[in-house]
Structure formats: structure tokens, C-alpha cells
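Subject: Structure handover

Hello,

Here is the structure I promised to pass on. Please open it alongside this note.

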Amino acid sequence: MRNHREPATGAKALFPSAADRERWDDLLTRELARANGRVSHGSVTPTLDLASFRRELAGFDFRTPLPLDEAMTWAITQLEHGLVHVTHPRYFGLSNPAPTFPAQCADRIAAVFNPQLATSATSPAAVEIEAHVIRSVAQRAGLPSKSVGHFTTGGSEANYTALICALTESNPRFGAEGARAFDGPPVFYVSRESHLAWLKIAHQVGIGRSAMRMVATDGCGRMDHRALRDTIAADRARGCVPVMIAATAGTTNAGMIDPLPACAEIARSLGLWYHVDAAWGGALIASERMRHVLAGIEQADSVTIDAHKWFATTMGCGMFITRHAAVLSSAFQVSTSFMPSNVVNFDPYVTSVQWSRRFLGLRLFLSLAAAGWAGYGKHVERSIELAELLKEQLAARGFAIANASPLAVLCIVPPPGYGDPRSIARRILASGRAWVAAADFEGNEIIRACVTNGETTADDVTELVNLLQACGSQTQPGFRLSE
Ligand SMILES: Cc1ncc(COP(=O)(O)O)c(C=O)c1O
């Protein structure tokens, strides 16, 4: 697409004139809105011809500069056709929903000012905004008002931070000596249905993947607290050093909530760090009607809540919160002469894994400012109501639901004769009309449908039910998925 004026190229393309910026900003806003409109009525799954896409991509040899408007529209077109669209109202996906509009605005603001959030000296306003949001979320979850924390790239980084804190608290020599500081192998406890990023976390932290104890569940997807107690006792008897219990509040596949009060009590009585991984269930704190299901979270030593899951910010936005400011500080404290400040318990580079960091918290700040807790509460309750509707409609057609989650996710078991969940999910994806996952729940294959997109409607739910039925019945002779 050519413009009437000669476009800036070369170094000028990197820092164009104010007039060019305005023109391209307008173009970008318009093209994105149009693409978004087409996406919501198009295929949920990619329609890209990968071979020709790769050929075009290879043509970018970066020798001959391309006008930015052409490069930008090319990129938008490729993404429009080359993604699973989490913004599509029939993306019943992995709890990464369509982002809120305020969060999208926040990304733009952060990109323009590009603040460095390592220290409060360079970005006082941004660091204070993040700290304010973290405090508000902590208090809403029932943690003490002196709780601290920070924004992370996601739940994995927040959980990683929790394990580092637990190890630091468990043994004051851990910081200097690592796992060698312990008298026996340090171990921690999660349920069998927990998120497997814990394995990578154990690896990164240096205590090894075998340090992750996957405690048995109760048959309904929740950690069995009796098995937890027994496993800890057996580990102690063989010389291991238990350091942390990480209860999941909203398991990834089935949205189940571990028995938080029992986990808290076991951790307290045995002197272990009690972490709650509420990466996706944590948004329930917004709802007056639903927050009670997280009872026990308020006792946590630390909590993970992802803003980029049910709080629906743009991707790469989690939160780590702890009541133990001193532990967080001692885990990440470092002194250098070149940093402009070193405020203990406050400067992000001395209280978190990252050093240079992006202004992530503005996404949740603007979303909360615009919607309030009540608005977010409605968003969460609306999802749960749609999941209930889906459940009713499926039951009427002979499908069973394997999980009993208070969250907006169903583990769907097709009626006998409908074929296996994996094949049904594959056919749904091939139709492009919806996106669901095939997953395991308590050792059985299921179809997982999560209703966390704020723009999904009851009609979308009905369409999914029709698809599930059609794609299951496809195994029966004479069936064709109608256009
Ligand atoms: C319960 C739970 N914990 C942790 C994670 C990892 O979070 P992230 O993908 O944001 O790193 C997930 C992601 O789905 C999750 O569901």
C-alpha cells in the first residue's frame, strides 16, 4: 500500500517525523480494528498456506527496506491467517482469553514511554503504580496489608519465585551454597494435577526435577491431603528436606481447587512454606459471589495470580505476592554502583528474578481502574454462567462432565459410540468453527472447554454443543459435517 508522500526509509524509518507517525498510527489502528472484525467471524484456527508464507518470509532479506505501512499490513495479514485466535468468541481455550481493551491501551502507552522498571529512581510513577496494584490484589485476596510482590512474565516465573523464597526461608545458607546447604535433598509438594512447569522450575532452581513430589489426588482432581501428610513423613524418614507445599487453586485442565485450609494447616504444623498457585483461579477474588471458594488463600506465604489468564490482560503478565517482604528481599538483593537506586523491599531489580523490566502492571491497573472489582466480578460470573449453560446443553445431548469445578471449565466426556475425545477435538479444530483442547483428567481423556472469553455469547455455546455432537457423530456411518 503506497502513500501519497515518499515514505521514510533507512535510519529515518526507525524514528520518523511526527506527521509520519500520526499517519501510520491511524493506519495501524484502522487495520487492526478491521482485522479484529474479520477474525471474530472467520476461522478460529490458522488458514495460512505455510509453504507460501515461508517463501514470502524468506523474501525479507533485510537488504532492501520496505515502507513501514507495507511491512505492517503484511504482518497483520499473516497474523490474521496464521494464528489460533484467542480473541475469537468460540475460542474455548487454555484460559488465555481475549485481552481487555484497557490492557491493549496500556501496552501502547508502555511502548511509547518505554520505562525501565528496574528501579524506582528511573521510573517512580510506574513502580508506584505496580506496587499499588499488587497491594490491592493482595488485600482483595485477604493477605496482610504489608504484603509485597511484583509483576512477572507469567505464572511460571511467579511459581519459580515462590520456590526460591521457600528455599531461602528454609535455609539461610541456600543463597550462598545452593542445594548443597541442605542436610538432605530439598523437596516440595504439588498435586498430580498441578502445572508441569514445576518440573522446569525444580530444574532451574538447581534442586533437580526429582525434587518435585506429585501427590496423589482424591479422584476429583484435588490434592489428597492425607496422601500429602504421608508423603512428607516418608520423605523426612528417608532424609529429604521438605521445603514447600504448593496448592493449586484452579488446576490447569479441570479448574479444581486443592483443599487450601488443609494444605495451610499441614504446612504450618510442619514448618513448610505454603504457596498457592492461583494462576488461573485467582480471578475469583473479584467476585463477591465466588471468592469464598478460595478460602485458605489468605493464609498463604505466597500466591501466584496470572493477570493474563482470567483477568484477561495481554500476554506475559503474572503476579507474585508474598506476606514476607524480608524473604523476597534476601532472595534477590544485590548491590551495584551503576544502578541509580537500591531501595530494599521496593526496587524491582532487588525483589524479583528480572533486572530490566517492562511496565506490565499498567495493563491490570487500567483494566481495574476502568471496570473496578465489580466489573471484573461480573466478567468472571458471566463466564461461569456460560459454562453452566454449556453443561446443561451437553447433558441434554448425553455428554457427561467429569469435573465439578467452580471455575468456567468443563472436562467433557462424549457419549458412548462418539469416538475418542482426541479425534473429536481434532475434527472441531479442522472445522475452524471453534477451539477446544483434548486433555487428561484423573487419568482419563476428556475434551476441555474453558469459557473465559469475555465476548463469548450463549449462541457461541450452542454452536459448540452442535459441533461436539456433529464431530462425535462423524464416527457414525453416513455422517457429514455440514457447511
Ligand atoms: C495452574 C497454573 N499454574 C501455572 C501456569 C503457568 O503459567 P504461565 O503459562 O503464565 O507461565 C499455568 C498455565 O496454564 C496454570 O494453569
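Below is what I found, from the whole chain down to single residues.

First, the ground rules. This is a predicted model, where local features need pLDDT of at least 70, side-chain atom pairs count only at pLDDT 80 or more, and totals for chains, interfaces and linings use all residues. Residues are numbered from 1 along each chain as its sequence is written, and side-chain values use heavy atoms, with hydrogens and water left out.

**Overall**

The protein chain has 15 helices and 11 strands. These are DSSP runs numbered from the N terminus: helices are H or I with at least four residues, strands are E with at least two. The radius of gyration is 24 Å, close to the 23 Å from the globule rule for 483 residues, so the chain is as compact as a globular protein of that length. (That radius is taken over C-alpha atoms; the rule is 2.2 Å times the number of residues to the power 0.38.) The C-alpha atoms fill a box of roughly 70 × 70 × 40 Å along the principal axes.

Of the 483 residues, 51% are buried. Buried means under 20% relative accessible area, exposed over 50%, and partly exposed in between (1.4 Å probe, protein chains only).

**Core**

The largest nonpolar core has 107 residues. Such a core is a set of buried Ala, Val, Leu, Ile, Met, Phe, Trp, Tyr and Cys residues joined through side-chain atoms within 4.5 Å. Phe188, Met244 and Leu364 touch the most other members. Helix 13 (residues 361–396) gives the most to this core, with nine residues. Apart from it lies another core of seven residues, including Ala106 and Leu362.

Leu364 touches residues beyond four places away in sequence, among them Val133, Phe151, Phe311 and Tyr376. Contact here means heavy atoms within 4.5 Å.

Met256 sits in the loop between strand 4 (241–248) and helix 11 (260–270). Met256 counts as buried, at 2% relative accessibility. Beyond its neighbours within four places in sequence, its contacts include Cys220, Thr248, Asn403 and Phe441.

Phe62 lies in the loop between helix 3 (50–58) and helix 4 (68–81). Its phi is near 60°, a positive value in a residue other than glycine. Phe62 is exposed, at 74% relative accessible area.

Ser95 is in the loop between helix 4 and helix 5 (101–113). Phi of Ser95 is near 55°, again positive in a non-glycine residue. Ser95 is buried, at 2% relative accessible area.

Best wishes
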